[in-house]
Amino acid sequence: MTKLIYELSRPGKRTYIPVKKENISSKFPHELLPSKFIRKKKAYLPEVSELEVVRHFTNISQLNVGVDTNFYPLGSCTMKYNPKISEYITQDSQFKDIHPYYPEKFSQGALEILYETASYLEKISGMDKVTFQPAAGAHGELTSLLVIRAYHTANGNPRKKVIVPDSAHGTNPASSALAGYEVIEVRSNEKGMVDCDHLRELMDEDVAAIMLTNPNTLGIFEQNIKKIADLAHEYGALLHYDGANLNAILGRVRPGDMGFDTIQFNLHKTFATPHGGGGPGSGPIGVKSHLVKFLPVPHVEKKKGGAYFLNYDYPESIGKVRAFYGNFLVVLKAYIYLRILGERGIFETSAGAVLNANYLLGLIKDKFDLPYNERYMHEFVVSTKRYKDKGIKALDVAKRLIDYGFHPPTIYFPLIVKEDLMIEPTETEDREVIEAFADALNSIAEEIDKDPDLLKEAPHVTPVGRLDEVWAAKHLILRYEKTEN
Amino acid sequence: MELRDGLLYSKEHEWLKVEGDEGICGVTDYAQDSLGDVVYAELPEVGKKIKQMEPFMVLESVKATSDVYAPVSGEIIEVNEKLQDSPELVNSDPYGEGWLVKIKLENKDELNNLMDKEAYAKFLEEEEK
């Protein structure tokens, strides 16, 4: 195992860091800060040489697995390639070094990018107004629900419940609870879609919203979406679109046209900006016109003369959900992505995503169980149920995939399918990669017959073998503590 | 999958052992196997009133967090404190040391909504199809 940098530390070792003289204060901390902010004990920092620092972090970086190193078909996460041109452009100091407190007249370019990207997302989603304030997808869900709550409150009653499908992303019930709503689960039917009869039973005037993703987490398009939207609106409830699976319908059909009132996008999924570890996420939300006045402030707007400005004049706004205007550089990356693709490219993106998923499914479907025999879109769910007698679970197949050089897909989700693998290849993978992954899965299926222990003990090629997840979950160690010896 | 005589079973895979007007409740072997390794049991408070077929506590496994449904209505009169430190007992001994709560039954007629061993075995077969 790699040592922690603290474990490499030896007293007196130093690294030279070149710093411009004018950036260093000649004063001591206690001359600059009130005494309560001055630390009593010396900070415990590792003492290492420059070469050790370089080796340490280079070695750690080589242990990492990401889209840049491996195929990463994590279902519902849309792990598509993040084009390097976006990184290149955002490193320009004209973008990188601007400050949110710059006066509007010096930030026109940045405001234009926010304004234009919002207008693209509005067009893609069929919504009337988009804000970039939420910091990530789940935050976008919460913000949407707060907007929905504000809407109902303005109508005299905030209402009590939010309905989510039993196949929903875990963030849906979590966001609902955080927004102060009771979570009600609607069943899926035998086709893996929302059971409309059950939904009708659950509907009443206390329902504030229904949250759906379409296609759902099984990768199946909710064919009754219009019926569901009508049912929601009949009771005065609003319909929220969880944008996790937007990649499947990009440029083809718009949530706004399906009857959704709010949507949260995940720029780090659909619009090729990095996921969490690679820089902050971004979870913009879009709403229909009747909800615009409740959105967080400020709105980026355009004056008649063409100048962009920040409009705080929305007295019914839910306020701010985050400092400033969103993760600007992430929005910029999404903007670059959209500009490179253009309308035609966006239209082809969803086709590629759906084609790749269905091609892959076709290559492996003889060796795995298909819980729903429906038309899949950008992702699909297969089960390893038939291998249960051999003692093999989805987890074992996932771990064995690592030996083949692939990041495992999502497993054990959605919760309504047992022993499942949820696979989303995305459009950015070549046919050769899809085929190699299918070969790996089919070959693993053969291994189950010949030598199931090979799977149970996997992975074999990683720096550490099968991790004890129970122990890890129960003995959470989040920081290094120096042990004296 | 192990099933035991003398227990009543619910469709949500809880078992209930009735003793007088009290019942000991746990999850079945099938449930613990589907849950995977349990890492945390969020036990209810003693005195909590519960309603048949409504969630009353949560088991968290390495795979997911799952509701446990009340097999009968009543009041929680005891919880298995051992699970605080050793939630894995739910996996290793679901019908014994891994019991969850003791319930004071409110309405014995509700027991008719539960299954005996044979009926539950049949129910599991259907589930597995």
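Predicted model: local features only at pLDDT ≥ 70, side-chain atom pairs only at ≥ 80, totals over all residues.
In chain A, strand 2 (residues 161–165) and strand 4 (residues 207–212) run parallel and are joined by 3 bridges. Within this pair, A:Ile163 stands opposite A:Ile210 of strand 4 of chain A.

Strands of a sheet pair through backbone hydrogen bonds, and they may do so either parallel or antiparallel.

Strand 10 of chain A is joined by 4 bridges to strand 12 (residues 420–423) of chain A, and the two run antiparallel. Here A:Phe380 stands opposite A:Ile423 of strand 12 of chain A.

Helix 15 (residues 431–450) of chain A consists of 20 residues and reaches 29 Å from its first C-alpha to its last, close to the 28 Å expected at 1.5 Å a residue. Four of its residues, A:Phe437, A:Leu441, A:Ile444 and A:Ile448, are buried. They lie on the same side of helix 15 of chain A because they cover an arc of only 55° around the axis. On the other side of helix 15 of chain A there are exposed residues: A:Arg431, A:Glu432, A:Ser443, A:Glu446, A:Asp449 and A:Lys450. What do the buried residues of helix 15 of chain A pack against? Their partners are helix 13 (328–364), helix 14 (394–403) and helix 16 (453–456) of chain A.

The loops of chain A hold some backbone details. A cis peptide bond, with omega about 0°, joins A:Val297 and A:Pro298. A:Pro298 sits in the loop between strand 7 and strand 8 (299–302) of chain A. A cis peptide bond also joins A:Ala458 and A:Pro459, and its omega is about 0°. In this case the proline, A:Pro459, is in the loop between helix 16 and helix 17 (469–474) of chain A.

A:Thr78 has a phi of about 45° although it is not a glycine, and its place is in the loop between helix 3 (50–63) and helix 4 (84–90) of chain A. Is A:Thr78 buried or exposed? A:Thr78 has 26 other C-beta atoms within 10 Å, so it counts as buried; the cut-off for buried is 20 or more. A:Phe324, likewise not a glycine, has a positive phi of about 60°. The loop that holds A:Phe324 runs between strand 9 (308–311) and helix 13 of chain A. A:Phe324 counts as partly exposed because it has 14 C-beta neighbours inside 10 Å.

Taken as a whole, chain A has 17 helices and 12 strands. Its radius of gyration is 25 Å, close to the 23 Å that the globule rule gives for 485 residues, so chain A is as compact as a globular protein of that length. Its C-alpha atoms fill a box of roughly 70 × 70 × 40 Å along the principal axes. Of the 485 residues in chain A, 40% are buried. Among contacts in chain A with a separation of 6 or more, 72% are between residues 24 or more positions apart.

In chain B, B:Lys49 is found in strand 5 (residues 49–50). B:Lys49 is partly exposed because 13 other C-beta atoms lie within 10 Å. B:Lys49 and B:Ala119 are 70 residues apart along the chain, and their C-alpha atoms are separated by 28 Å.

How values were computed:
Residues numbered from 1 in each chain as written. Chains lettered and ligands numbered in written order. Expected span 1.5 Å × (residues − 1). Buried ≥ 20, exposed ≤ 12 C-beta atoms within 10 Å, placed from the backbone. Arc of directions from axis to C-beta. Contact = placed C-beta atoms within 7 Å. Pairing = 2+ DSSP bridges. Rg over C-alpha atoms; globule rule 2.2 N^0.38 Å.
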